[in-house]
Amino acid sequence: MSSVLAPFQLFNNILWFSTPAILQGLYFFVYLSPFLLAIILWQTYLLYIRSRYIKDQEWVLLEIKIPKEISKSPRAMELLLEIFYQTYEGELIDRFIKGSIRSWFSLELVSIGGKIHFYLYIPKFFHNLVESRIYSQYPEVEIIKCDHDYTEDVTYGQPGSPWQITGREFKLDKSEVYPIRTYVDYELDKDPKEEFKIDPMTPMLEFLSSIKPTEQVWYQILIMGGKKRFAKDPKTGKATGWQKEVQNELSTLLNRNIDAKDMSSAWIKTVLSPGEREMIEAVERNLKKLPFDTGLRVLYAATEGIRPAVKVGLLSSLRQYSYERRNAFAGVDYTITGFNNPWQDPFGWRTKKREMKHFKYYRNRSYFYPPAGRKPMTLTTEELATIYHFPGQVATTPSLERIQSKRGEPPANLPI
């Protein structure tokens, strides 16, 4: 009989000894619940006013037509990108009553059936400012304000739609402190003659031109002025900016924190190999550039089925920006629109949900704020100008549409 009652006795003992702890936990929960509720309500309120602010924003889609004679290095694109460095979020009333947030912009490289297009998707407020800056650096280009968004031609998700899609988002493989291989590494900063240029965008342009007329590939680079979002400084307790993070890493690389008494050890540790010296020079050069919070995604749409070769090309087209000693782009696992094993998604529902999210986020240019709410990576103007610039004659891709005549100067009546 005692063996039957033993479990009940054990439960009674546990309840007896745990009751004070349970009551204490309930006490703290009741005590803290108003604060927790206030935090939840505040975050919900911010989400609502910011969503309303984003919804009310007016946007403009610009297509940039480039001429055959363009010969400027990506440095010109760096100067153009600086106009997008907008960190102002508004006054307190703007931020917490109207929901004002930092402005962001989208640089888009699109292939529609093998025909390549350069687009900028920007807030209407910055239209004239951006157009003036483009003409200041590229007076020979032609800027077209699009009345129709190319993403609307893909009817994925609608009843009877023939479109299938896949896609991916990207991140940096290593710490954001280390830059990718940039146009400076390809010596484009020296403005060599066209026949000696090696443009890192050429492999991507060749890939985009190789797709079928029934396919589309969209690359989207979303940028927003950099923000202090790194680890807290142990002295001040405040979040540090990207520049501080780079400086801390440089101090570690240069072994400046070694014991000053051991001079022989210091001498040995500060002797750098040519590869280490090259890496440090690249990090220091990158430190002088403006940093952007950046999101990078690609979407592949087709009406005759997804081709594996194109899926492979989505990632391999970014491989020329990789540098073994520094950094590279890597796919973000949770954004892969598909699963490797059939038991992970036996009915295809999870894949369908991911595809719909990816398509919706691209079409809405959503990244930094909900519903996407992604964690951005930091890329500088030099890195951004490497992966998005207007190529010269070295890019001989036939499907890269260029205007026939060279524009002599920007329109005289361009508003400021």
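# Terms and values in a predicted model

Guide: Helix α1 gives four residues to the lining of the largest pocket, the largest share from any element. The model is a predicted one, in which local features need pLDDT of at least 70 and side-chain atom pairs count only at pLDDT 80 or more, while totals for chains, interfaces and linings use all residues. Residues are numbered from 1 along each chain as its sequence is written, and side-chain values use heavy atoms, with hydrogens and water left out.

Visitor: What makes a set of grid points a pocket and not a cavity?

Guide: On a 1 Å grid over the protein atoms alone, a cavity is a set of points where a 1.4 Å probe fits but cannot get out, whereas a pocket is an open set with protein on both sides within 12 Å along at least five of seven lines; a lining residue has an atom within 4 Å of a point. The largest pocket has a volume of about 450 Å³. It is lined by 19 residues, and those closest to its centre are Ile54, Lys55, Asn364, Ser366 and Pro371.

Visitor: What makes a run of residues a helix or a strand?

Guide: Helices (H or I, at least four residues) and strands (E, at least two) are DSSP runs, numbered from the N terminus. The chain has 11 helices and 10 strands.

Visitor: Why is Arg326 called buried?

Guide: Buried means a relative accessible area under 20%, exposed means over 50%, and partly exposed lies in between (1.4 Å probe, protein chains only). Arg326 has 1% relative accessibility and therefore counts as buried. Asp185, at 24%, is partly exposed. Over the 416 residues of the chain, 45% count as buried.

Visitor: Why is the pair of Arg374 and Glu169 said to tie together parts that are apart in sequence?

Guide: Arg374 and Glu169 meet in a salt bridge at 3.2 Å, N to O. Arg374 is in the loop between α10 (349-364) and β9 (377-380), and Glu169 is in strand β5 (residues 164-172), so the pair joins parts that are 205 residues apart in sequence. Both Arg374 and Glu169 are buried.

Visitor: What makes a group of residues a nonpolar core?

Guide: The group must consist of buried Ala, Val, Leu, Ile, Met, Phe, Trp, Tyr and Cys residues joined through side-chain atoms within 4.5 Å. The largest such core has 58 residues, and Phe84, Leu109, Leu120, Val217, Tyr219 and Phe329 have the most contacts inside it. Strand β7 (residues 291-302) supplies the largest share, five residues. A second, separate core has 15 residues, including Leu61, Cys146, Ile165 and Phe359.

Visitor: Which elements do the buried residues of α5 pack against?

Guide: A contact means heavy atoms within 4.5 Å. The buried residues of α5 pack against β2 (104-112), β3 (115-123), β6 (215-225) and α9. In α5, the residues Thr202, Met204, Leu205, Phe207 and Leu208 are buried.

Key:
Salt bridge = Lys/Arg side-chain N within 4 Å of Asp/Glu carboxyl O. Points joined across faces, edges and corners; volume = space filled by probe spheres on them.
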